Every structure is written in structure tokens, then in C-alpha cells.
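Please examine the sequence and the model shown below.

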Amino acid sequence: MAKFGSEAWLNVIGAKFVFTTGSFVVALCTLLFGSLDLVNGHASFIGLSFAIRIIEAIGNAGYLTASYSYLAAEFPSTVATVFASLETFYGVGLIAGPALGAIFYHIGGFSLPFAVFGVIVGVEAIFAYFFLPSYEPTEVDTQNPFLVLQVLRVPGILLAACTIVVSAISTGFIAATLEPHLRQFNLSHAQIGSVFMIEGGTYAVFAPIWGRVCDRLDTPEIVTMAGSSFMLVGFIFLGPLSIIPIPTLLWLSCLSLVSIGIGSGALLVAGFLSGLKIALREGYPSNLVTFGVISGLWSSAFALGCFLGPSIAGYLYDHVGFRKATWFCAGCHTVTIVTTLIYIVMYRLKCPTEPPDLFSEQSASTELTESTKLLGQTDSKLQQNRSV
């Protein structure tokens, strides 16, 4: 997935091409997936399902990586705020997607939801082709190539990627195990769906708030610690943990999902901004290449967590039950809090004063002013030499 964010794609082919091509691939695969009910044979259905979803994932990686790169390039001084605003729409999609899918399925069967959303994504790709700006490769882009593995050698960026993985694992854990955990309350399908909407709705509300906070802080890792703390509290009382001598309560589980939604927004927003800030602080150029690699890394980390979360959750739920299984997520967030605190202390001891915001408009303006002054001084000296 992160390969789409490397220089070989965003810099050579262009972010606009990657975005539009990825969107068209997703649209086409969505339409094809909706036609799978026409396939005869169990093996053929399974094989084509996997093939279509794999190709769709490649397209999804392309337009996600390019979109985050556009975000960092177009809004350099408010990256976290704009990123969080986009994540709000992601949360709205998590809420509205299942509901709209159910409505279209009731109207037209299996194929209609995929047909509708496939057409919507295709139209969006056409608009993107005509209205998105194009970025031409620069001399700096071609002289300073670097890979994702090279970026991951930076401890702060590796920590940011791990926090994104942990957040996605937690989300996947809930998606896989919350419904069987709620069966003890004999809820209707509509009520269970409403409970699932709590985390996504809270995420959509609080993501922009965390974005504003990150833009105002010099150290986004503080937001990471706050987010993991909220998620830790949520997983302690979601079951609750097996050591807590109280039964499972529906209202307490709902409050726990609110806490988890708040923490998830903090981790995902702070993880992206922290990785970008650290990359620029380490000397990587403030251009589309850097934005693409960090964007691709964020997408890959999130996808890895979404894969690991349900897999681990299903195994633990089958073997130890929900209340003991939540120990895993609680432990992950405890480790995240401690590791982030150690990183902050070590960085402060090494660099007591925070460097300037390397991708802010004010910083860029200052550099441009200094360059203008230097050119003016040089031009004055040349005129003096000519007069002599």
C-alpha cells in the first residue's frame, strides 16, 4: 500500500494521476463486486471475491495516499485541522454506510448498493480529474529520494506508525467482537446498530477538536498520550475487565465506546501530524515526496491494524471470552502511553527548545524574506563593483 506514496508514483507519475486512477479502480471494482451474485459455483465466487477486493485495495491505497499528500501540500499551516476534518467525514461514512447499504439492499437486492456507490466514486474521480491541481516534479524531488523503510528508522516516526496500528487494532477488535458481546442483552438489530454508531459518531465529533489541539501544540505526542488514555479507560470498562467485580452493563459499555471514539480520533490525527513534523525535522524536504511517503505510511499502518485487530480479537474471543480478551487492547494502550512518555522525555533532554514549525506558512515566509534580503545584498555588491 505504501508503495503508492513513494517517489516512483507520486513524484514521477503525479499525485493527480494516482488519485484519479485509484478512484476509477475502486469504482470499477465496486461495480464488479455487485455483480458477483451472477457467478455460479462456490469456488468461483470466493476466488473472484478475493481478486476483486485485492485490486480494489490497491486502488484505495492510491487515492488515499494521494489525498493526504494533497492535504499537506495545500494546507501546510493547518495540516492537523484539515486532516481531522476529513476524518470527520470518514466517521460519518462509518455511520451512514451500513444504513444506506441496508436501504438500497431492501430496494434492489445485493447489486444495487454496489452499483450506487460505484457510480458515486466514478463521478468523484471525473470531478477530481478536472479540478484537482497538478504538481510538477522539482529538482529537489529527484535529488533526494528516500524509501519508507528509511523513514521508519527514525524513532519518532516509527512510534507514530505504531500508535496508528494500535488504534486500528482497537477499532477492528470492537468490530469483530462487540456484536456477540451484546447478545446477552437481547437487543434488536436496530438497537445493536445504534450501539455500533456510538464510536463512529464520537470519532466524527471529536476528530476536528483534536486537530485544532494538534495545530496549537508543539508536541503532538501529548495528544497521542491523551488518546491512548481515553482508549485505555474505554477498554477497562467495556467488558469490563475480568478483575473488575461488576457485571456487564449496557450503559457502561456505551460510555466506554464514547471514550474509545474520543481516543481513536486523537491517535489517528496526532499520528499523521507527528510523523510529518518529525520527518521535516530530520531534514527531509517539505515537498510532495515527503508528504506522499508519510501518507502512505499512515495508510499502511492503519490497514495493518485493521487486519490484525479482527484476527486477534476472534481468536481471543473464542478461547478466553470478551472480558479477558479486552486485556489485549488495554495492554497495547498502556504500552503506548509509557513508550510515548519515554520518547517525549528523551526528546526534550536532547532538544530542550522546540524547533520552528518547518511546514508552516510563517516559516516559509521567513525563509523567503531572508533569501530576498541576501539576494538584495548580493545585487548591491555587484553594482558597487561595476561602478568601481
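The largest cavity is lined by I157, A160, A161, I164, G271, F272, G275, I294, L297, W298 and A301. Its volume is about 60 Å³. This is a predicted model, in which local features need pLDDT of at least 70 and side-chain atom pairs count only at pLDDT 80 or more, while totals for chains, interfaces and linings use all residues. Residues are numbered from 1 along each chain as its sequence is written, and side-chain values use heavy atoms, with hydrogens and water left out.

The terms for empty space require some care. Rolling a probe the size of a water molecule over the atoms shows where empty space is left. On a 1 Å grid over the protein atoms alone, a cavity is a set of points where a 1.4 Å probe fits but cannot get out, whereas a pocket is an open set with protein on both sides within 12 Å along at least five of seven lines; lining residues have an atom within 4 Å of a point. Grid points are joined across faces, edges and corners, and a volume is the space filled by probe spheres set on the points. By this rule there are 4 cavities of 30 Å³ or more.

Which elements surround the largest cavity? At least two lining residues come from each of α8, α11 and α12. Here helices (H or I, at least four residues) and strands (E, at least two) are DSSP runs, numbered from the N terminus. The lining of the largest cavity comprises 9 nonpolar, 2 polar and no charged residues. In this classification Ala, Val, Leu, Ile, Met, Phe, Trp, Tyr, Cys and Pro count as nonpolar, Asp, Glu, Lys and Arg as charged, and the others, Gly among them, as polar.

The second largest cavity holds about 50 Å³ of space. Its lining consists of G156, L159, A160, T163, E221, T224, A270, G271 and S274. The elements giving two or more residues to this lining are α8, α10 (221-238) and α11. Helix α8 provides the largest share, 4 residues. By class, the lining of the second largest cavity has 3 nonpolar, 5 polar and 1 charged residues.

Helix α8 also contains S167. With 0% relative accessibility, S167 counts as buried; the term denotes under 20% relative accessible area, with exposed meaning over 50% and partly exposed in between (1.4 Å probe, protein chains only). Leaving aside residues up to four places away in sequence, S167 touches M231, S264, L267 and L268, where contact means heavy atoms within 4.5 Å. Helix α12 includes L308, which is partly exposed, with a relative accessible area of 26%. L308 and A168 are 140 residues apart in sequence, and their C-alpha atoms are 8.5 Å apart in space.

The open spaces come next. The largest pocket has a volume of about 2,000 Å³. It is lined by 42 residues, of which V26, N60, Y63, L64 and Y90 are the closest to its centre. Helices α2 (15-34), α3 (42-74), α4, α5 (111-131) and α12 (288-320) each supply at least two residues of this lining, and α3 gives the most, with 13 residues. The lining of the largest pocket divides into 31 nonpolar, 6 polar and 5 charged residues.

The second largest pocket has a volume of about 380 Å³. Among the 20 residues that line it, L94, F196, M197, E199 and G200 are the closest to its centre. Two or more lining residues come from each of α4, α8 (155-182), α9 and α11 (250-281). The largest share of this lining, 7 residues, belongs to α9.

How is the packing of two helices described? Two packed helices are described by the angle between their axes and the distance between the axes. The axes of α4 (residues 79-108) and α9 (residues 189-216) come within 7 Å and cross at roughly 175°. The two helices are therefore roughly antiparallel to each other. The residues of their contact divide into 12 nonpolar, 6 polar and 3 charged. Axes are lines fitted to C-alpha atoms, for helices over the stretch in contact, and angles run from 0 to 180 degrees between N-to-C directions. Angles under 35 degrees count as roughly parallel, over 145 as roughly antiparallel, 65 to 115 as roughly perpendicular and the rest as oblique.

Finally, the chain as a whole comes to 14 helices and 0 strands. Of its 388 residues, 45% are buried.
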